[in-house]
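Reader: Before I read any numbers, I would like to know what stands behind the words. Please take them one at a time.

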Amino acid sequence: MSSSPEVKKRTEMRKIESELKTLPSQILKNGFLQPNFAELFRILYENTKPIDDILSSTITSDDIHRNGRFEYELIITGFNSETQEKINSLSFESRKKEALNEQDVNLSKLIEKQKRTMEAILKMLNSPTFIRIDDTLTKLKQLADICHFNYLNIIREFAPNFDGFTNNSFETVSSCSPDKIVNYLMDLCYITGGFNIDLSESRAICALKQIETGKALSATEQDKISGHLRKINSIFTKYLTQDVLKKIICLGKGETSVQFQAATYRSNSLKGFTEFFQSKFNSDSERIKGEIKDYTVSFEIKELFGDRPLEELQYYNSETNEFLRKNTPYSFIWITPMQVLKSFMTVFMTSAVKTVINNIVIEGFFNNSAYKSEFSSVVYAMNEIENVNAGFEKSFDRGEPNDDAELRGLVRDSRKDQDFLKKVGSMVDSINNQAHKIIQEQSKILYQMYIQIGELIVDAKKSKSDVISNIKVLLNSTRNRDGSSAIDQQHESWKMFLKIMKNYAILGELEKDE
């Protein structure tokens, strides 16, 4: 009889109760948790709140991008001043300035040199210093859960009038049966397993506060933070240990075989730092290449279009790009050449010019059928340019492949879930590839058109035309005269346009300016 499970259970329960009664903290008496047990939670409530305010506005907010920024800044503090200067030299602004200052140096070689600097920095993350920083960030995530825990639920079982603000609301405190708060204690036990913080965590929280405010903390402010952390640590390592919590839970449940689980905390901060640094570097590299090209051609664009502003595309423009740059490591890199293309088609490829070119196909007496076929193909492709460009702009409408609303939604969602940021990257890469394909194909079409129109201009000036026997009649007819005059006058502007586009697309040779 004495060895029956029920007797065994009662014996174990009496043992648990006896052990709790004999604790120096005297938290249990006659089966009830005493007011000094509630006092422990009041201390936790008061000291976790200031720490929770710091953590929830820095590395454990609802915004993943914001969390990543603060983790990034915290990791940076692990590098010495010389390495921090190298990291600063890899910012977009510094890299672009270096590229502009060293224009005699091959840009690809310069980017490769900068890449080697980045790789050397990232290798340092394998050192013990950064492994300790990663461990500290792991502990801060556990601390954040502990600070975010709702201690009021437990306190109000002892002091129903406690308002969390005034001390006199905690004056009337009664004892409480463990079963009343057992579920709360289960949750607390789950997140406090293995909890222990030291000076490293205190320094990290002070650093986070300093990064957030942008100014150094006074000694008084640092002492306050350290004081809060010491009290939190003391309670969980001396009074509310895992052993004590588990015994109270067993008492509250009236069971000795309670299954306990513990939260697992991991930090991917170093991995996240590496991935962010690399993706930003790669994105910035493409942006620098694009902006250097844009700067190089800016004078030629001015010469070609004068004071007329470049035509702007819907969605694939500077406004969307600014949104991307502010919120992601990604950007649109072909905006300027797409604008130049659209502007050229608007300013120079007028309806009068296109009418002449199309009339040549329809009414021209070509001396060579193969030439006619080639010329007709180029004209057809030229006529499709504006449709293709309009289709690209339309592709950003709702429900279309490049849906702008979807892209912006993914950017917003990436603040909650990092996987969405990868989708943003894939979508931006796809859009950039589409834009680059348009630039290459249309530049080639317009280059071929330029060459063939040049040949026809020369042919029309001969006493006897070699290519199209009636070319003079066609160009000088009343309905074609305006268009043919524009073609003759603007042919050099076409060349200027193609010189600009050679910075963005692979084209054949252009005759040198005399």
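Reader: How do you know what share of the contacts in the chain joins residues at least 24 apart?
Author: Contact means heavy atoms within 4.5 Å. Among contacts between residues at least 6 apart in sequence, 76% join residues at least 24 apart. This is a predicted model, in which local features need pLDDT of at least 70, side-chain atom pairs count only at pLDDT 80 or more, and totals for chains, interfaces and linings use all residues. Residues are numbered from 1 along each chain as its sequence is written, and side-chain values use heavy atoms, with hydrogens and water left out.

Reader: Why is D179 called partly exposed?
Author: Buried means under 20% relative accessible area and exposed over 50%, with partly exposed in between (1.4 Å probe, protein chains only). D179 has 43%, so it is partly exposed. Of the 514 residues of the chain, 46% count as buried.

Reader: Where is the place of D179?
Author: D179 lies in helix 9, residues 178–192. Helices are DSSP runs (H or I, at least four residues), numbered from the N terminus. The C-alpha atoms of D179 and E19 are separated by 18 Å, and these residues are 160 apart along the chain.

Key: Helices (H or I, at least four residues) and strands (E, at least two) are DSSP runs, numbered from the N terminus.
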